[in-house]
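Subject: Structure handover

Hi,

Here is the structure I promised you. My notes on it follow below.

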Amino acid sequence: MAAAPIRRVLVANRGEIARRVIRGAHDAGCEAVAVYAQDDAASPYVGEADAGVLLPGASLRDTYLDPDALVRAAHASGADALHPGYGFLSEDPALADACARAGITWVGPPAEAMRVMGHKARAKEIVAGAGVPVLPSVVLVSGAPPAKVAEAAATVGYPLLVKASAGGGGRGMRLVEEPGLLADAVASAQREAGAAFGSDEVFVERYLARPRHVEVQVLGDHHGTVLHLLDRECSVQRRHQKLVEEKPAVLIPDETRRAMWRAAVDAAKAVAYVGAGTVEFLVDETGHYFLEMNTRLQVEHGVTELVTGLDLVGLQLAVASGRPLPFGQDEVVALGHAVEVRLCAESPRDGYRPTPGTVAHVRWPQGSGLRTDRAVESGTVVSPVYDSLVAKLMAHGEDRSTAIARLSLALRNLELDGLETNRDLLQAVLEDAAFRDGDVDVHFLERRPELRDAVLPDAVRWRHAAAAAFCLLEDRARRSLVPVPAAGWRNLGHALHVDQLTDAAGTIEVRAAAPHEAASVNVGGNWEIVGTAVTDGGTVDLTTVDGLRRRYHVRTAVHGAYVNGPEGQSTFARRAEDDPDERGGVAGECRAPLPGAITKVLVAVGDAVAEDDGLVVLEAMKMEHTLRAPGAGTVTQVMVAPGQQVDVGDLLVAVDPAGPSP
């Protein structure tokens with residue numbers, strides 16, 4: 001293939017991967033074009049591209065999942081290449097075919113390789129023929145009689161998995177531990193696979209009880225070269241989705257590691273692979289077994305880049321333009337260790353429930369060996385329509401313990417307000433002794449629910465509450481005509497404000513009288529001193545009773561407080577003795593003061609209300625807030641219903657101050 005330089009690449013994706021590909025294109029000297037749905041118009045990646053094309057339509061099918069719309073956007077922008085990122089259509093041969101018909105360079109593998117590897121059962125046949133180890137499996141023909149299904153299962157042996165042939169990600173997958181459960185599991189898996197992938201074909205495969213998930217990055221060019229870029233481990237998962245990745249894999253014998261490298265290259269060569277891809281294996285004491293091949297750039301590619309020093313996006317663009325790989329296998333070396341965590345807008349303790357919202361403030365950690373690939377900045381809206389991934393935080397070090405320590409510190413230093421995430425879970429994993437010893441497998445989180453439910457220690461929460469109390473004291477002083485009293489004096493009408501601060505672990509009662517007097521928290525009915533502080537705006541230097549001084553950064557909101565310090569972040573909902581009326585907007589409007597869910601609507605259109613009458617009840621950050629009428633009048637609009645999620649500033653109820661027309 002003759003080399004044809006890429007000058008302008010359309011990035012057919014969004015979020016953090018779009019930002020990464022745009023950065024890689026710029027590093028390669030290419031212009032980058034973003035595509036965006038209307039609800040992504042203000043997303044950071046759009047502004048970072050050299051140009052942007054709006055995808056018309058109101059659904060995913062009409063925007064990011066429409067191959068023709070993406071090709072039209074490439075033509076409209078003058079792009080000569082298209083990079084699919086990962087997710088969306090990145091493994092759909094229909095998009096690769098559409099690019100070929102349109103004369104647009106496809107930055108990815110051949111469509112036929114994607115077709116083969118996208119069919120899990122067929123992929124196993126192909127790689128097994130190339131000598132790659134696979135687990136025993138049998139494809140179940142649709143409509144096969146029960147006796148044939150039972151015979152196939154007996155051939156594989158119990159326990160076994162029923163898996164979808166046409167897709168992955170845990171959809172269409174069922175564990176069967178005994179023959180009596182087989183028929184229902186197969187029927188259920190077929191229904192789910194048909195709905196998710198358009199094909200109800202499934203196969204049964206031998207189940208491994210405690211495997212590790214290890215993958216090998218491969219890279220091929222149009223000149224017949226296929227190289228491996230060493231291995232990664234992705235064993236810490238939730239619901240078959242990776243949460244923590246690292247390179248190299250942990251506690252894998254060198255002989256097994258080298259055998260996986262060879263097997264990955266053989267698997268890629270079996271389908272004439274070109275571009276970046278990943279061959280995944282399950283590994284236990286009996287050996288390593290092919291799981292699947294992802295025919296795209298992986299979410300976790302960053303740890304490979306940190307350890308090898310290679311730019312995978314740049315290499316993808318070079319390969320797509322027809323250039324040979326600029327190095328040989330012997331030149332691929334590992335320098336140190338890298339670990340990545342996926343920060344997601346979700347609540348692990350609530351079954352990993354998605355938690356969309358608006359990022360009120362974010363300050364990403366910086367430091368030696370750190371890298372953050374992120375989708376959001378301050379003000380970014382995280383939509384419930386898309387994947388919950390907010391950012392990937394990575395750390396590189398000379399060894400694994402250094403990388404883990406750096407990443408743990410980075411997570412504690414992250415400031416992120418307005419959005420609930422899985423940060424506490426990630427922090428708990430990084431600090432867990434078993435994880436640090438490398439004692440993990442794909443069921444690690446299932447066996448460790450205490451990690452899923454992790455919260456900050458009480459002593460840390462109390463210090464955070466005290467820091468917030470000192471800032472709230474300053475806030476009250478600014479609102480009052482009477483300044484905060486000097487140390488040793490009490491303003492007798494307003495002595496010892498008590499704030500109730502609620503986080504995921506419960507409610508803390510905290511009180512502070514003056515800046516140089518001690519704040520205390522209510523512990524089992526007893527007020528215990530936390531410490532004294534020097535405050536300067538949102539900066540609080542808190543000295544605790546043990547003489548240690550720590551600096552905290554506090555940001556207060558109408559009904560919340562965010563506290564960051566050396567031990568992590570607390571997000572508090574707050575209520576105080578002297579809270580102002582919970583009014584949600586200007587005269588005539590009731591707007592949401594913070595993101596949450598409507599639990600009750602107290603009025604209807606046409607109702608007459610007096611000032612301070614309750615309008616709606618908003619549940620936010622584990623507390624209910626009654627939002628009240630800003631003045632007397634008549635309700636003219638009710639924009640919400642119980643159970644509805646709302647964001648900051650959303651109009652909830654409108655009141656006509658003039659009352660009904662005569």
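Arg19 is buried, with a relative accessible area of 11%. (Buried means under 20% relative accessible area, exposed means over 50%, and partly exposed is in between, with a 1.4 Å probe and protein chains only.) Before the rest, two points on how to read this. The model is predicted, so local features need pLDDT of at least 70 and side-chain atom pairs count only at pLDDT 80 or more, while totals for chains, interfaces and linings use all residues. Residues are numbered from 1 along each chain as its sequence is written, and side-chain values use heavy atoms, with hydrogens and water left out.

Salt bridges

What does Arg19 pair with? Its salt-bridge partner is Glu377, with the closest N and O atoms 3.1 Å apart. (A salt bridge here is a side-chain nitrogen of Lys or Arg within 4 Å of a carboxyl oxygen of Asp or Glu.) Arg19 sits in helix H1 (residues 15–27) and Glu377 in the loop between strand E20 (370–374) and strand E21 (381–382), so the pair ties together parts that are 358 residues apart in sequence. (Helices, H or I with at least four residues, and strands, E with at least two, are DSSP runs numbered from the N terminus.) Glu377 is partly exposed, at a relative accessible area of 21%.

How many salt bridges are there by this rule? The count comes to 50. Side chains of opposite charge can pair when their charged atoms come close.

Another pair is Glu415 and Arg363, whose closest N and O atoms are 3.3 Å apart. Glu415 belongs to strand E23 (residues 415–417) and Arg363 to strand E19 (residues 361–363), so this bridge ties together parts 52 residues apart in sequence. Glu415 is buried, at 6% relative accessibility. Arg363 is partly exposed, at 41%.

There is also a network of salt bridges. It links Glu16, Arg20, Arg23, Glu305, Asp311, Arg371, Asp373 and Lys392.

The open sheet

Eight strands, or 8 in the E14-E13-E10-E11-E12-E15-E22-E20 order, form an open sheet with antiparallel pairing. (Two strands pair if DSSP finds at least two bridges between them.) Strand E14 (287–294) and E20 stand at the edges with a single partner strand each, so one side of each has no neighbour in the sheet. From one strand to the next, the twist averages 25°. (Angles run from 0 to 180 degrees between N-to-C directions, and axes are lines fitted to C-alpha atoms, for helices over the stretch in contact.)

E10 and E11 run antiparallel and are joined by 6 bridges. Val216 stands opposite Asp231 in E11. Helix H11 (residues 312–320) packs on the sheet, touching E10, E11 and strand E13 (275–284), and its direction makes about 40° with that of E10. (Contact means heavy atoms within 4.5 Å.)

Charged residues around Glu215

Arg232 forms a salt bridge with Glu215, with the closest N and O atoms 2.8 Å apart. The pair links distant parts of the chain: Arg232 is in strand E11 (residues 226–238), Glu215 is in strand E10 (residues 212–220), and they are 17 residues apart. Arg232 is buried, at 0%. Glu215 is buried, at 0%.

Lys242 is buried, at 11% relative accessibility. Its side chain makes a polar contact of 2.8 Å with the side chain of Glu215. A polar contact of 2.9 Å joins the side chains of Lys242 and Glu280. (A polar contact is a pair of N or O atoms within 3.5 Å; within protein, one must be able to donate a hydrogen and the other to accept it, and residues adjacent in sequence count only if both atoms are side-chain atoms.) Leaving aside neighbours within four places in sequence, the contacts of Lys242 include His213, Cys234, Gln298 and Arg342.

Two hairpins

Strand E28 (residues 539–544) pairs antiparallel with strand E29 (residues 549–557) over 5 bridges. Val540 stands opposite Tyr552 in E29. This hairpin has 4 residues between the strands, and Gly547 takes a positive phi near 90°.

E29 also pairs antiparallel with strand E30 (residues 560–565), over 5 bridges. Ala557 has Gly560 in E30 as its bridge partner. The hairpin of E29 and E30 has 2 residues between them.

Cysteines

How many disulfides does a search of the whole structure find? It finds 0. (A disulfide is a pair of cysteine sulfur atoms within 2.5 Å.) Cys344 is in no disulfide, and the nearest cysteine sulfur, that of Cys234, is 14 Å away. Cys344 is buried, at 4% relative accessibility. Cys590 is buried, at 0%.

Best wishes
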